[in-house]
Amino acid sequence: MDTLIRLLREQPNDDRIPELVMTAEERSNVDLSKTEDLLMGVWELRWSSAKQPWLKQANWLENIQVLDPANARGMNLLRLAGPLGAVAAVTVEAELTTDKTNRIGVRFRKGGWRGPALTGGRRLELLKSVNQSFPAWLDITALSNELRICRGNAGTTFALLKRHDMSVSDFFHPSTNQQ
């Protein structure tokens with residue numbers, strides 16, 4: 001797994017990554033009833049089997065996923081890499097559920113534009129409710145404190161690296177109704 005993590009960090013377009021992802025999945029046995037706490041955090045997409053450009057890794061784009069399973073919430077953000085990323089992002093917020101094996105249910109609740117942070121912890125946002133007409137989910141197929149591999153309901157495989165320089169609290173206000 002060390003080679004896969006290194007390539008995802010340094011050379012995310014390396015041709016060896018799909019095979020290394022499959023090998024990591026084969027060697028892994030995810031049981032969220034024991035390892036759900038590893039999901040908590042900020043993750044960056046580094047490789048995807050998707051064809052859509054917004055689901056692919058690009059040096060100029062940060063594709064961030066924030067997971068807070070203890071509070072049943074998550075967020076996907078697309079933003080420019082570098083200092084302009086703090087100015088605006090396209091975001092979708094979701095309610096998360098887990099079946100305590102390896103599946104996370106995802107119900108998208110609102111999405112739109114997320115602007116810069118203001119004093120006092122507030123943020124400029126223009127979000128609209130999302131009417132999700134189909135069930136969405138992610139099967140977590142490999143999980144460590146550095147790497148998460150998952151497969152979505154559309155069949156796409158994703159490899160994400162944890163961003164230890166970011167915190168869930170950078171994106172969500174603390175919740176008072178923890179589950």
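A nonpolar core, as I use the term here, is a set of buried Ala, Val, Leu, Ile, Met, Phe, Trp, Tyr and Cys residues joined through side-chain atoms within 4.5 Å. I'm working from a predicted model.

**Core.** I looked up the largest nonpolar core and got 17 residues. Leu32, Leu39, Ile104, Ile140 and Leu143 touch the most other members. S7 gives the most, with 4 residues.

**Second core.** I also found a separate core of 13 residues, with Trp47, Leu147, Ile149 and Leu161 among them.

**S7.** Is this strand mostly covered or mostly open? Mostly covered: I get 7 of its 8 residues as buried. Then I went through its partners. S5 pairs with S7 in the antiparallel sense over 4 bridges, and Ile104 has Leu138 of S7 as its bridge partner. On S8 (residues 147-152), I find antiparallel pairing with S7 over 5 bridges. There, Ala142 stands opposite Ile149. The link from S7 to S8 is a hairpin through 3 residues.

**Rings.** I searched for aromatic pairs and came back with 0. Charges over rings were another matter. Arg103 lies over the face of Trp137, 3.8 Å from the ring centre. I also noted Arg148, whose charged end sits over the ring of Trp43 at 5.0 Å from its centre.

Conventions: Residues are numbered from 1 along each chain as its sequence is written. This is a predicted model: local features need pLDDT of at least 70, side-chain atom pairs count only at pLDDT 80 or more; totals for chains, interfaces and linings use all residues. Side-chain values use heavy atoms; hydrogens and water are left out. Rings of Phe, Tyr and Trp (its six-membered ring) pair if their centres lie within 6.5 Å; planes under 30 degrees apart count as stacked, over 60 as edge-to-face and the rest as tilted. A charge sits over a ring if NZ of Lys or CZ of Arg is within 6 Å of the ring centre and within 35 degrees of the ring normal. Buried means under 20% relative accessible area, exposed over 50%, partly exposed in between (1.4 Å probe, protein chains only). Helices (H or I, at least four residues) and strands (E, at least two) are DSSP runs, numbered from the N terminus. Two strands pair if DSSP finds at least two bridges between them.
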